[in-house]
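I am opening my notebook on a new structure and will write down what I look up, entry by entry. The structure itself comes first.

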Amino acid sequence: MTRPNCSTDPVTVERVATAVEGLSEDIQSFAADLVRVPSVQGEERPAQQRVSEELESMGLSVREIWPDDVTGLKSHPEFSNDGQSYENRPNLVATRSGRGDGPSLLFNGHVDVVPAGDTDQWSFDPYAGEIEDSRLLGRGASDMKGGVAAMCYAVAALERAGIELEGDLTINTVIEEEAGGFGGSLATVLDGVTADAVVNPEPTGFDQWIANDGVSYFRVTVRGKGAHAAETDNGVNAMSKLVPIYQALEALHDERKITVHDELFEEWHEHTVSLNLGRIRAGEWASSVPDEAVLEARISHAPDETREKIHDVVEDTVREAAAGDPWLEEHPPEVEWFGWRGSSAKIEAEEPIVQTVRSIATGALGRESHPKGFPGGLDTRFFVNYADTPAVCFGTGAYNIHGTDEYLPVDELEELTLALALIAMEWCGYEVVDGG
Ligand SMILES: [Zn+2]
């Protein structure tokens, strides 16, 4: 692989910018069409169909990756599934071939969205895909149908500007990111889809997200002894027995806030990791002593911590909190790790792809752009951890994502399209073939 030395000159940048401007209505209407598809988990197909049509109209041939057909997916250590079927839920891959042997690049983005929640709380229809006051309105506008539209239209912009890349540029749209990405990006990686680098236009506010925390869910079950309320002291209240464990876990959160640091995360978040006590279930009604109390929580770990270590820390904390209580010593609380577990990942800010992204963001776009860590799961981790491929998130701002009244300024949609086209040129190498 030879990396052509090509600092994109201002005349060429202008040329691509003009192409993006000429496509502006198409980009907007494509993004709006995607918003009109309520592609929550399990319902991604129509959004993928719309992407497929658009890519085919640009002359690309689109291949589908079906999670059920991917060897090794369901036995993969990071795979977890909440029972959702993968029928009718393809991932898509389409490649615009380069003319030479320049480095290849892959744009990865998800078409699924989180549910809209109580639509009465929205001031517009979350799935109408309306554009008002230069804003695209609706669920997924910034997370991340705008990003998906931009990565597809980066290809159209290169075409329109008469630019050939030296390396291959692959567009990859996936399902299920919001639920962990197992049938989506993990399936894609295990299918063998890769490139020399990956850019994922999640809404990063034009920063570079180059690291993410690992995440685990756990459940602590404490058993008591049921009794009639009139005979309270004959029972053992499981809820009361849970209290010291609850407090110990709260203290663990406070301690880890102070002791675990990664500057990429603290660039914009108060702390690198967190332990969230999310749910308690105990007792059946007011008139019985509860015989069981269950606490569910989410703990994150920094890229330089291992999942095994974090599991040990939680289990030790629970054990120590129970120590000294004769009932709990005889009936030790159980800790179970359940549901999705996401690995952490981190690449260096000096990685060439990160430098390429930064140079376009600060140069051609004239933006401030910083390398950061994201305190949760990102699909880029699959490429970093299982395909040994540097992957970075870089996209528009995030406007009310996962909340009500999500939107995206259409200026940012175009700006991102331009940025992605330029990143591809800078990374893959290019030649202007059509003087146009
Ligand atoms: Zn997203």
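How many residues of domain 1 are in contact with residues of domain 2? I find that 22 residues of domain 1 touch 18 residues of domain 2, where contact means heavy atoms within 4.5 Å.

Before going on, I note that this is a predicted model, in which local features need pLDDT of at least 70 and side-chain atom pairs count only at pLDDT 80 or more, while totals for chains, interfaces and linings use all residues. Residues are numbered from 1 along each chain as its sequence is written, and side-chain values use heavy atoms, with hydrogens and water left out.

Entry on the domains. I looked up the division of the chain and found domain 1 at 10–212 + 344–432 and domain 2 at 214–342, with bounds that come from an automatic or database domain assignment. The centres of domain 1 and domain 2, taken over C-alpha atoms, are 37 Å apart.

Entry on the whole chain. I count eleven helices and 18 strands, which are DSSP runs numbered from the N terminus (helices are H or I with at least four residues, strands E with at least two). The chain is as compact as a globular protein of its length, because its radius of gyration of 24 Å is close to the 22 Å that the globule rule gives for 436 residues; the radius is taken over C-alpha atoms, and the rule is 2.2 Å times the number of residues to the power 0.38. Along its principal axes the C-alpha trace spans about 90 × 45 × 40 Å.

Entry on burial. Of the 436 residues, 56% count as buried, where buried means under 20% relative accessible area, exposed over 50% and partly exposed in between, with a 1.4 Å probe and protein chains only.

Entry on backbone details. A cis peptide bond, with omega of about -10 degrees, joins Asp 143 and Met 144, and Met 144 lies in helix 3 (residues 141–160). Phe 206, a residue other than glycine, has a positive phi near 65 degrees and sits in the loop between strand 8 (197–200) and strand 9 (208–212). Asp 388 also has a positive phi, near 50 degrees, and is in the loop between helix 10 (380–386) and strand 16 (391–393).

Is Phe 206 buried or exposed? Phe 206 counts as buried, at 1% relative accessibility, whereas Asp 388 is exposed, with a relative accessible area of 71%.
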